[in-house]
Amino acid sequence: MFKKWFGKQQPKEETITAPLDGTIMRLEDVPDPVFAQKMMGDGIAIDPADGDVVAPVDGEIIQLFPTKHAIGLRSEAGVELLIHVGIDTVSMNGEGFTAYVRAGDRVKRGDRLLSVDLPLVREKAKSAVTPIIITNGDALESLEKKAGTSAAKGETVLFHVKMK
């Protein structure tokens, strides 16, 4: 009751935009069974056109992998996202990745998170395709994927989510 009067109410809906410029792909078409079979959660993927990765929501960085190939965020509505740059990029041990944030940082949609040397990723990893996964799907009432073929970072809407 007091939370209702004094606490900040979390929004119940969230719009998630593209963290990268590139070509939008179905998650089922990602060249890795863990992502394609949605073992980590539902989502979408982008074949990146450049190496700039920006925040797709206002929220908090909840995890930055030591190798900087993946980053976890929690939106203001509570949606938890994983941006996994490339396939089998963990084996690069951070080579070609630069992070501009740390776990615990607050970010706004469009803030720069990472930069990636895409030619190096394409040379050393299996693929540069970047899955964007909702990892707490059990907390969602609905997930609407937006149709489209090309993504503009910070602008193109990928998902509209309603929380339970």
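This is a predicted model: local features need pLDDT of at least 70, side-chain atom pairs count only at pLDDT 80 or more; totals for chains, interfaces and linings use all residues.

Reader: Where does D88 lie, and what is its phi?

Author: The general idea is that most residues other than glycine have a negative phi. D88 has a positive phi, near 65°. The residue lies in the loop between β7 (80-84) and β8 (97-99).

Reader: Is N93 buried or exposed, and where is its place?

Author: N93 has its place in the loop between β7 and β8. With a relative accessible area of 62%, N93 is exposed. Its phi is positive, near 50°, and N93 is a residue other than glycine.

Reader: How should I read V53: is it buried or exposed?

Author: V53 has 0% relative accessibility, and therefore counts as buried. V53 belongs to strand β4, which covers residues 52-54.

Reader: Which residues does V53 touch, not counting residues up to four places away in sequence?

Author: Leaving out residues up to four places away in sequence, V53 touches P19 and L20, I83 and V85, the run D111, R112, L113 and L114, and also V116. Separation can be read both along the chain and in space. V53 and P33 are 20 residues apart in sequence, and their C-alpha atoms are 23 Å apart in space.

Reader: Which residues form a nonpolar patch on the surface?

Author: The patch consists of V34, M39 and M40, which together have about 260 Å² of accessible area. V34 is found in helix α2, residues 33-36. At 33% relative accessibility, V34 counts as partly exposed.

Reader: In what order do the three strands of the open sheet stand?

Author: The order is β1-β14-β12, with antiparallel pairing.

Reader: How many bridges join β1 to β14, and which residue stands opposite E14?

Author: Five bridges join β1 to β14 (residues 157-163), and the two strands run antiparallel. E14 stands opposite V161, a residue in β14.

Methods
Residues are numbered from 1 along each chain as its sequence is written. Side-chain values use heavy atoms; hydrogens and water are left out. Helices (H or I, at least four residues) and strands (E, at least two) are DSSP runs, numbered from the N terminus. Buried means under 20% relative accessible area, exposed over 50%, partly exposed in between (1.4 Å probe, protein chains only). Contact means heavy atoms within 4.5 Å. Patches are made of residues with over 30% relative accessible area and no salt bridge: like charges are joined within 9 Å, nonpolar side chains (Val, Leu, Ile, Met, Phe, Trp, Tyr) within 5 Å. Accessible areas come from the Shrake-Rupley method with a 1.4 Å probe; for residues, only the protein chains shown count as cover. A salt bridge is a side-chain nitrogen of Lys or Arg within 4 Å of a carboxyl oxygen of Asp or Glu. Two strands pair if DSSP finds at least two bridges between them.
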